[in-house]
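User: Hi, I have a structure open and I'm new to this. Can we walk through it together?
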Amino acid sequence: MESIKLTETYINLYVRLIFVILLTFALFKAANGQAIYDESKVPEYALPELFVAQDGEKITDQESWMKKRRPEIVALFEENIYGKIPGKLKISSWKVLEESQDALGGKAIRKQILLTFKKKGKELGVNLLIYLPKNIEKAPLFVGYNFYGNHTITNDPAVVVPGSWSRNNIDFGISENKPTENSRGTRESRWAVEKIIDAGYGLATMYYGDVDPDKFGSEVDFSDGVHPLLYKKGQTMPLPNEWGAISAWAWGLSRTMDYFEKDDDIDEKRVAVMGHSRLGKTSLWAGALDQRFALVISNNSGCGGAALSRRQYGERIGGMNTFFAHWFCDNLNKYGDNENSLPVDQHMLIALIAPRPVYIASAEDDQWADPKGEYLSGYHATPVYELFGKPGLATDEMPEVNHPVMTTIGYHMRTGKHDVTDFDWEQYIKFADIHLK
Ligand code: GCU
């Protein structure tokens, strides 16, 4: 009797699970079905003004941009899109878990650093993996998050497997939400570690789930990751204008800067922050919030990243609010089918990085991320670069595929899909050579 009941319960659960999966799939299909992929269907739009402050004042010089308009725009992004980081939280302590002078066949130093954060009786541990070129005293470096653990970016057997929650991925051998040894090296193709080291740069990476687990749909949970460390008494969810996951991840990137400032082997003045996809949205936001990042790279960041929302091409805010609401603050729900009422658009996010160099990369088959909208963000941010006497993107015509342009703003659309490839890294290295060397 008992076992029949149990079987029934399992069947019930199973049917429910299949139903939820089918429903999610149908919703996603519906959202995709409505997506515009035809340039002639892109609506007319007017972008919010970069150089008119909220009180109507015209901004005409660098100082009033930096002291008045820029902070206003940061506050608008905080309030309406990514959410405000609700307090300060510094590294409580850090520990060298492991260090080698003989990594990557002898050409690199490897360090694995555990950053610990403590507040309100809670504790968060984040593992930072760093490779540095051996022959350089204070190395410039690239820093960026990975999606499945530091051990996925390389086959180096010494890299530690994270203990935090992970999304399951059959291809990477991850089930039961636990990162495992099985995924070592599975994302090697996205991280040109040797190329980076050979070019004289370091590479630092951490697992984004260490900072805030990326739980979707019914799994969404703001009681884990960094959020609870900054909750007020009794708080269990961020307020409507407080940090979603992207702001939390951006917070984590700034803490790596705090660490780099303390590590004598790293030149903290020459750090480039890089991210792909949702983590490209994150690198842009981190670069906008924290001006210590000397260079910012967005790889296929799309909607909520480099792409202009008002174009409504490919992915739209409404779809993101349905599927990835936890990446943003609750207030973004106001703008679902209503991009034109947003007080900002994404060219302003690029403009917040000015006058520092920014690279925006797209992929031809990644129309979901709207390559043209990504390019145009750079183009429309250009007046702010020019205010600082720096060239940006001179024309609204996109360059040909696989023909990068590099001024203070870099851009390319390469052939291929949503991904990070050696071609992408080769351009980031070239761009860093121009601006950081
Ligand atoms: C989805 C989502 C994108 C996001 C991407 C990713 O495709 O729609 O907005 O950039 O996932 O982060 O992988």
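User: Let's start with Trp425. Is it buried or exposed?
Analyst: Trp425 is buried, because its relative accessible area is 0% and buried means under 20%. Keep in mind that this is a predicted model.

User: Which helix is Trp425 found in?
Analyst: Trp425 sits in helix H10, which covers residues 422-436.

User: And what does Trp425 touch, leaving out residues up to four places away in sequence?
Analyst: Trp425 touches Phe142, Arg190, Trp191, Ala192, Ile196, Leu203, Met274 and Val420.

User: How far is Trp425 from Phe388?
Analyst: Their C-alpha atoms are separated by 27 Å. Along the chain, Trp425 and Phe388 are 37 residues apart.

User: OK, new topic. What surrounds the ligand?
Analyst: The residues around the ligand are Ser277, Arg278, Lys281, Glu315, Phe324, Trp327, Trp368 and His418.

User: How do the residues of that shell divide into nonpolar, polar and charged?
Analyst: Three are nonpolar, two are polar and three are charged.

User: Which distances link side chains to oxygen atoms of the ligand?
Analyst: A side-chain N or O atom of Glu315 is 2.5 Å from a ligand oxygen. For Lys281, a polar side-chain atom lies 2.8 Å from an oxygen of the ligand. For Trp368, the distance from a polar side-chain atom to a ligand oxygen is 2.9 Å.

User: How much of the ligand's accessible area does the protein cover?
Analyst: On its own, the ligand has 320 Å² of accessible area, and the protein covers 84% of that.

User: Now Arg310. Where does it lie?
Analyst: Arg310 is in the loop between strand S7 (295-299) and helix H7 (317-323).

User: Buried or exposed?
Analyst: Arg310 counts as buried, because its relative accessibility is 2% and the cut-off is under 20%.

User: What lies 3.1 Å from a polar atom of the Arg310 side chain?
Analyst: That is the backbone oxygen of Val344. Val344 is also among the residues that Arg310 touches. Others on that list include Pro43, Tyr45, Glu339 and Asp345.

User: What about Asp224? Which loop is it in?
Analyst: Asp224 is in the loop between helix H4 (208-211) and helix H5 (245-260). Asp224 counts as buried too, because its 16% relative accessibility is under 20%.

User: What is Asp224 in contact with, leaving aside neighbours within four places in sequence?
Analyst: Asp224 is in contact with Asp212, Pro213 and Lys215. The side chains of Asp224 and Lys215 are joined by a polar contact of 2.8 Å.

User: And how far is Asp224 from Ala361?
Analyst: The C-alpha atoms of Asp224 and Ala361 are separated by 32 Å. The two residues are 137 apart along the chain.

User: Let's zoom out. How many helices and strands are in the protein chain?
Analyst: The protein chain has 10 helices and 10 strands.

User: What does the radius of gyration tell us?
Analyst: The chain's value is 22 Å, which agrees with a compact globule, because a globule of 437 residues would have a radius of gyration near 22 Å. Along its principal axes, the C-alpha trace spans about 80 × 55 × 45 Å.

User: How much of the chain is buried?
Analyst: Buried residues make up 57% of the 437 residues.

User: Last one. What share of contacts join residues at least 24 apart?
Analyst: The share is 70%, counted among contacts between residues at least 6 apart in sequence.

Note on methods: Residues are numbered from 1 along each chain as its sequence is written. Side-chain values use heavy atoms; hydrogens and water are left out. A residue is near a molecule or strand if one of its heavy atoms lies within 4 Å of it. A polar contact is a pair of N or O atoms within 3.5 Å; within protein, one must be able to donate a hydrogen and the other to accept it, and residues adjacent in sequence count only if both atoms are side-chain atoms. Accessible areas come from the Shrake-Rupley method with a 1.4 Å probe; for residues, only the protein chains shown count as cover. Ala, Val, Leu, Ile, Met, Phe, Trp, Tyr, Cys and Pro count as nonpolar, Asp, Glu, Lys and Arg as charged, and the others, Gly among them, as polar. Helices (H or I, at least four residues) and strands (E, at least two) are DSSP runs, numbered from the N terminus. The radius of gyration is taken over C-alpha atoms; the globule rule is 2.2 Å times the number of residues to the power 0.38. Buried means under 20% relative accessible area, exposed over 50%, partly exposed in between (1.4 Å probe, protein chains only). Contact means heavy atoms within 4.5 Å.
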